[in-house]
Amino acid sequence: MDLLLIGGTGVISSAVAEHAVGLGHRVTLLNRGTSAVRPVPAGAEVLHADIRDVPAVARVLQGREFDAVADFISFVPEQLAAGMDLFRGRTGQYVFISSASAYQKPPARLPILESTPLRNPFWQYSRDKIACEDLLVAAYRAEGFPGTIVRPSHTYDRTKVPLIGGWTDLHRMRAGLPVLVPGDGTSLWTLTHSRDFARGFTGLLGRGAAVGESYTITSDEFLPWNQIYRVLAEAAGVPEPLLVHVTSDAIAAHDPRRGPGLLGDKAHSVIFDNSKIKALVPGFSARIPFAEGAAEIPAWFDAHPGEQRVDQDYMDLSDLLAGVAS
């Protein structure tokens, strides 16, 4: 297939690009060329343009058509509408990457299915993704626009520390400092390795049966937050991390940047039913347990010391709230 990935250098999209190239598809990446953290896979074509600059995109694409276009970087309806206009009549499938945080929060029942209502009163990011989905669904119903919606949850690779404080939390663990864990650490969370996500995602590209549909793609493994922190600590060489439990409300009250995502997503137990994507992509299942994926993270950061960025604001907040909790 001829595939176009809008983005192609992020946690999810770079894994999709690598997997799709490995399967023999003709893969084109469209991005600004500003990220070098994740290498472009050999064999992929790269076109440089800002997707928000419609004339520039039209020039680099030169009227080309694709079997499928995957949009990884639309976050609000205006962005998605512009992308749809660019590729209307030029692709057999337009895949919008939404978010599992769009599902009802707090969830009324588990596991979460594609039929679970979409509602998130806590996080504007999620509400914007819901609005994007509404736009895509309306276009499919009105004109048959070939949209497909994919909802990943917390997806990581070796370059991302999937903790509230990111690398700063691993830094604190290694320094013997207390690390904040939201709530009592027993709520359940699902982490998906990007390579697993890529296998499911690539399998739905070019599938006519996927047009007009939505899919969750996550791991089937779920762990309590306490275990997630301990697994990463062990991978970082810290056998006994000092975990301090603080309510999500307290963290959110002091940290307006992380607060909405915490209250609107990570503070709630999430377990997903992946039956729908498995039915479409025979043989798909997440194969990388978190204990295996976590081992890649400290090793990558140790090999890239320039990426070990400590957030001083979060250091100060951790010291403050850990002191209150103790």
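Begin by selecting Thr28 and showing its surroundings: leaving aside residues up to four places away in sequence, Thr28 touches Leu3, Leu4, Leu5, Glu45, Leu47, Arg64 and Phe66. The model on the screen is a predicted one. Thr28 belongs to strand β2, which covers residues 26-31. Is Thr28 buried or exposed? Its relative accessible area is 3%, and because buried means under 20%, Thr28 counts as buried. Gly7 and Thr28 are 21 residues apart along the chain, and their C-alpha atoms are separated by 9.8 Å.

Select helix α1, residues 11-22, together with helix α6, residues 194-204. Their axes lie 8 Å apart, and the helices pack at an angle of about 60 degrees. The two helices are therefore oblique to each other. Their crossing is right-handed. To view the contact, display the side chains of Val11, Ile12, Ala15, Val16, His19 and Ala20 in α1. On the α6 side, display Ser194, Arg195, Phe197, Ala198, Arg199, Phe201 and Thr202, which meet those residues of α1. Sorted by class, this contact of α1 with α6 contains eight nonpolar, three polar and two charged residues.

The crossing of α7 and α11 is right-handed. Which residues make the contact? From α7 they are Ile228, Val231, Leu232 and Ala235, and from α11 they are Phe290, Ala291, Ala294, Ala295, Ile297 and Pro298. By class, this contact of α7 with α11 holds 10 nonpolar residues, with no polar and no charged ones.

Centre the view on Tyr229. Not counting residues up to four places away in sequence, Tyr229 touches Leu163, Ile164, Asp169, Met173, Val179, Leu180, Val181, Pro182 and Leu243.

**Backbone details**

The last stops concern the backbone. In general, most peptide bonds are trans, and most residues other than glycine have a negative phi. Select Lys105 and Pro106, which are joined by a cis peptide bond with omega of about -10 degrees. Pro106 lies in the loop between β5 (94-97) and α4 (124-143). Then select Leu110 and Pro111, where the peptide bond is cis with omega near 0 degrees. Pro111 is also placed in the loop between β5 and α4.

Finish at Gln62, in the loop between α2 (54-61) and β4 (68-71). Gln62 is not a glycine, yet it has a positive phi of about 50 degrees. Is Gln62 buried or exposed? Its relative accessibility is 67%, so Gln62 counts as exposed.

Note on methods:
Residues numbered from 1 in each chain as written. Predicted model: local features only at pLDDT ≥ 70, side-chain atom pairs only at ≥ 80, totals over all residues. Heavy atoms only, no water. Left-handed = near helix turned anticlockwise from the far one by under 90°. Helix = DSSP H or I, 4+ residues; strand = E, 2+ residues; numbered from the N terminus. Contact = heavy atoms within 4.5 Å. Nonpolar A, V, L, I, M, F, W, Y, C, P; charged D, E, K, R; others polar. Buried < 20%, exposed > 50% of the residue type's maximum accessible area, 1.4 Å probe, protein only. Axes fitted to C-alpha atoms, helices over the stretch in contact; angles between N-to-C directions. Parallel < 35°, antiparallel > 145°, perpendicular 65-115°, else oblique.
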